[in-house]
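Open the model in your viewer and keep the selection tool ready. This tour goes from stop to stop.

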Amino acid sequence: MNFAATLRIALLALRVNKMRSALTMLGIIIGVAAVIVMIAVGGGAQARVEEQIRSLGSNIIMVLSGSMTSGGARGGIGSQPTIFEDDAYAIGREIEEIHAAAPTLRGNGQVVFGNTNWSTVFYGITPDYLEVREWAIVEGRGFEPTEMNGAGKVALIGQTVAKNLFGDASPIDQVIRVRKVPLTIVGVLDRKGQNMMGQDQDDIILMPISTARKRVLGSTQQAKSRNVGSIMVKIKDGADMAAADARMRELLRQRHRLQSGQDDDFFVRNLSEILQAQEASSKVMSLLLAAVASVSLLVGGIGIMNIMLVSVTKRTRESGLRMAVGARGRDILTQF
């Protein structure tokens with residue numbers, strides 16, 4: 001019996017036993033589809049974590065101001081301004097594992113352009129901030145040294161701010177007002193998307209830290225001193241983050257003249273550890289989804305084996321008759 005004849009017999013058997021053929025196909029389709037869907041879901045979760053790591057910037061440690069105690073009540077992180085712009089420069093200068101350290105001042109308020117306004121957050125930064133965050137400028141330019149030193153009235157804006165204030169028009173060289181201070185837009189930041197807390201990172205305005213301190217923050221205590229809200233630190237590739245963390249804590253304690261036994265007046269957050277924990281969670285979820293998909297595939301396989309066993313048992317006499325008239329074992333196997 002040639003292959004063409006065997007194929008015709010097989011197709012005829014499929015047409016005769018439509019229900020059995022449909023159930024067999026359904027078992028295969030469900031099993032394979034379950035595996036594909038579960039792997040895709042796991043891969044999507046893993047890709048989302050990797051995207052968050054890239055958007056945040058790799059090897060990041062954040063230093064935050066300490067808490068304040070008043071009348072026995074302790075405030076939260078940042079309630080007491082305890083870190084300074086000079087702390088950031090000392091960290092970048094004296095710790096060899098540090099690639100860059102960027103002090104930041106944070107504020108929020110309405111930004112106005114013509115008859116349009118938008119509520120957003122703004123940061124006073126140094127040029128190292130964009131390097132630490134690995135944040136590119138897609139249109140325009142960055143801040144010049146004279147603008148950094150002289151509190152220049154310039155700003156960089158995120159994609160969300162640009163869309164809500166200017167639509168599809170170019171914002172370069174346009175003047176916006178932040179807390180009634182006019183700032184000229186010199187650049188537009190690349191899109192970052194949401195961070196791991198679900199916050200829109202593109203809803204932001206960046207300005208020189210001297211501008212934020214002297215012009216925008218006005219008469220607040222933060223503006224009168226060299227206090228900063230946070231310091232973002234990027235570790236060199238391949239450097240030991242734990243060692244850099246320990247040296248940074250030691251340096252800050254020395255600069256803040258903290259005695260042995262005194263608590264730190266600052267907080268250090270290793271963002272990479274948080275993201276690694278989230279990545280580990282996503283891997284566990286991927287394994288769980290793969291296990292569920294494997295069970296679905298196993299159940300589908302058992303159903304297929306059951307149907308095939310019925311098919312073989314039902315055609316035992318036919319197979320015997322074929323072998324009696326000269327069919328070989330491989331002919332019977334080919335037919336099945």
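Select Lys-180. It is exposed, with a relative accessible area of 76%; exposed means over 50%, buried under 20% and partly exposed in between, with a 1.4 Å probe and protein chains only. This is a predicted model, where local features need pLDDT of at least 70, side-chain atom pairs count only at pLDDT 80 or more, and totals for chains, interfaces and linings use all residues. Residues are numbered from 1 along each chain as its sequence is written, and side-chain values use heavy atoms, with hydrogens and water left out.

Stay on Lys-180. Its phi is positive, about 70 degrees, although the residue is not a glycine. Look to either side: Lys-180 sits in the loop between β8 (175-178) and β9 (181-189). Strands are DSSP runs of E, at least two residues; helices are runs of H or I, at least four; both are numbered from the N terminus.

Next, select Arg-257. Here too phi is positive in a residue other than glycine, near 55 degrees. Arg-257 is in the loop between α9 and β12 (266-270). Is it buried or exposed? Arg-257 is exposed, at 70% relative accessible area.

Now show α9 (residues 241-255) together with α3 (residues 85-94). The two helices pack at about 135 degrees, their axes 11 Å apart. Axes are lines fitted to C-alpha atoms over the stretch in contact, and angles run from 0 to 180 degrees between N-to-C directions. That makes α3 oblique to α9; under 35 degrees would be roughly parallel, over 145 roughly antiparallel and 65 to 115 roughly perpendicular, with the rest oblique.

Which residues make the contact? Pick Asp-86, Asp-87, Ala-90, Ile-91 and Glu-94 on α3, then Met-248, Leu-251, Leu-252 and Arg-255 on α9. Contact means heavy atoms within 4.5 Å.

Keep α3 on screen. Its buried residues are Glu-85, Asp-87, Ala-88, Ala-90 and Ile-91. They pack against β4 (98-113), α7 (209-216), β11 (230-235) and α9.

Last, turn to the rings. The whole structure has 2 aromatic pairs. Rings of Phe, Tyr and Trp (its six-membered ring) pair if their centres lie within 6.5 Å; planes under 30 degrees apart are stacked, over 60 edge-to-face and the rest tilted. Select Phe-113 and Phe-166: the centres are 4.4 Å apart and the planes at 50 degrees, so the pair is tilted. Phe-113 is in strand β4 and Phe-166 in helix α6 (residues 159-166), 53 residues apart. Finish at Tyr-123 and Tyr-129, a stacked pair, 6.4 Å centre to centre with 20 degrees between the planes. Both Tyr-123 and Tyr-129 are buried.
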